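Subject: Structure handover and what was found in it

Dear colleague,

Please find below the structure that I promised to pass on to you.

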Amino acid sequence: MSELGIFEWIVGSPSQDRRRDRHAEEARRAQYLERVRETTSRYRDRYVETYEDLLAQGLDQYLPQEFAWVEQQLDDLDELLETDPLAARDLSFELAPIISRLPARARQARREYEEARRRQEERLAKLRAEATSELGRFLEEAIAQITDPVEQDFVLEDLQALRDEFAQRSVLPEELPAVQCEIRERIQLLREKGARRAQEWRDAKTRQMESEARRKLLDLYSAELARHPNQVEAQQRRERLENLYKLAEAQGLSLEEFQARLVAETEDAESAPHGEEARRQVVRAIMESLTRSGFIVDQPRLLRETDEVLIRAKKPAGAEANFTVRLNGTMIYKFDHYEGMKCKDDIDKVLPLLEQIYGIRLSDARVLWRNPDRLSKSARPLDVNQRRESHG
């Protein structure tokens, strides 16, 4: 199991928080919820624009289940915007990487569908032309078992060579079973070769599509900066987002991890004193909380290109915990390489210690991504396993 999340941190004691004026806190909360609703509504509009553009291109017919799922989620998002802005924000962040992947996935599905149809027509025509003998029919039936057009393409020359070889052979009836067995074995070897090379090709295409999705996700968040009241600062943030994109491309960050960085960069954390000294207190508190929870903690490292402090920790059994602390009051955590629910057990140990012992108040907590070894069989029919992600 793995979990990726984000908090806003404030240095202070719980007792100080309890002394806050209740009415002021309620007013601040109401303003915060309205800000979340307005921001999420703008993201919703961008999702709908992308989705409707794909529909206009007719791409929904190539991924009908995924498009139907996205349409239902957009409907749910509209309802939540009226009734529960925080839940709407969580759903919005679940949709962000999916919508970012959808254009490339839909275009790839269309290409594969059209290629499969073309090759199927060619194969049937060739089968009718060449299958004039029992051996010829058997050979074509064996070749037809390679139904994946990409796999077929990578062994096309081998298959034609096999056809040519057996077209020249004269087989006696009593030899037919042995020859058929030989054909099966050779076809099986070609299937394995085709499957291996097709997977390599698909992996490369996936990396290409992830790169395109990262760029689209970057554009999604950059668009929000147009509303920033200080356009000089907004331009500086755009430049930092571009640097984050280059870093994600170079390191091959997952779309979910890249999104967590974007959230931390584009959000304005709750108004509270932040600075290098406050961040040092947070870093020390994280290291001590991890040590108390049984982790072996590395020395913190300043990532100069993003001005983040990275804390890495491991357990002897292989479980890992990474924390990234930013000056703007956001903190990203990732617990990884766990079996079963032990991940949640460690999260429930480490995070409360920050508040209870070290006085680091964690607000607006959000789980951006969770891979729980597939906890739910009713999950959406997509090939990405992220949970709720949020912005505000």
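How many helices and how many strands does the secondary structure of the protein chain come to? The protein chain comes to 12 helices and seven strands, where helices (H or I, at least four residues) and strands (E, at least two) are DSSP runs, numbered from the N terminus.

Please keep in mind that this is a predicted model, in which local features need pLDDT of at least 70 and side-chain atom pairs count only at pLDDT 80 or more, while totals for chains, interfaces and linings use all residues. Residues are numbered from 1 along each chain as its sequence is written, and side-chain values use heavy atoms, with hydrogens and water left out.

Overall picture

Of the 392 residues in the protein chain, 47% are buried, a word that stands here for under 20% relative accessible area, with exposed meaning over 50% and partly exposed in between (1.4 Å probe, protein chains only). Among contacts (heavy atoms within 4.5 Å) between residues at least 6 apart in sequence, 71% join residues at least 24 apart.

Nonpolar cores

A nonpolar core is taken here as a set of buried Ala, Val, Leu, Ile, Met, Phe, Trp, Tyr and Cys residues joined through side-chain atoms within 4.5 Å. The largest such core has 47 residues, of which Y47 and Y221 touch the most other members. The elements that give two or more residues to this core are β1 (2-11), α2, α3 (64-83), α4 (85-130), α8, α9 (231-251), α10 (255-266) and β7 (360-371), and the element that gives the most is α4, with 10 residues. There is also a second, separate core of 27 residues, which includes F7, Y338, C343 and I360.

Aromatic rings

The structure holds 11 aromatic pairs; rings of Phe, Tyr and Trp (its six-membered ring) pair if their centres lie within 6.5 Å, and planes under 30 degrees apart count as stacked, over 60 as edge-to-face and the rest as tilted. One of these pairs is Y43 with Y221, which is tilted, at 5.4 Å centre to centre and 55° between the planes. This pair links distant parts of the chain, since Y43 lies in helix α2 (residues 22-56) and Y221 in helix α8 (residues 176-224), 178 residues apart. Both Y43 and Y221 are buried.

Another tilted pair is formed by F323 and Y333, at 6.3 Å centre to centre and 35° between the planes. Here F323 belongs to strand β5 (residues 320-326) and Y333 to strand β6 (residues 330-336), 10 residues apart. Why do F323 and Y333 count as buried? F323 counts as buried because its relative accessible area is 0%, and Y333 because its value is 2%.

Returning to Y43, this residue forms one aromatic cluster with Y47, F93 and Y221. R46 lies over the face of Y43, at 5.0 Å from the ring centre, and R215 lies over the face of Y245, at 4.2 Å; a charge sits over a ring if NZ of Lys or CZ of Arg is within 6 Å of the ring centre and within 35 degrees of the ring normal.

Salt bridges

A search of the whole structure finds 30 salt bridges, each a side-chain nitrogen of Lys or Arg within 4 Å of a carboxyl oxygen of Asp or Glu. In one of them the side chains of E66 and R105 meet at 2.2 Å, N to O, joining helix α3 to helix α4 across 39 residues, and both E66 and R105 are buried. In another, D158 of helix α7 (residues 156-167) is joined to K193 of helix α8, with the closest N and O atoms 3.0 Å apart. D158 is partly exposed, because its relative accessible area is 28%, and K193 is partly exposed at 27%.

E277 and R280 form a salt bridge with the closest N and O atoms 2.9 Å apart, and both lie in helix α11 (residues 276-292), three residues apart, about one turn of the helix. Finally, salt bridges that share partners join R42, R46 and E224 into one network.

With best wishes
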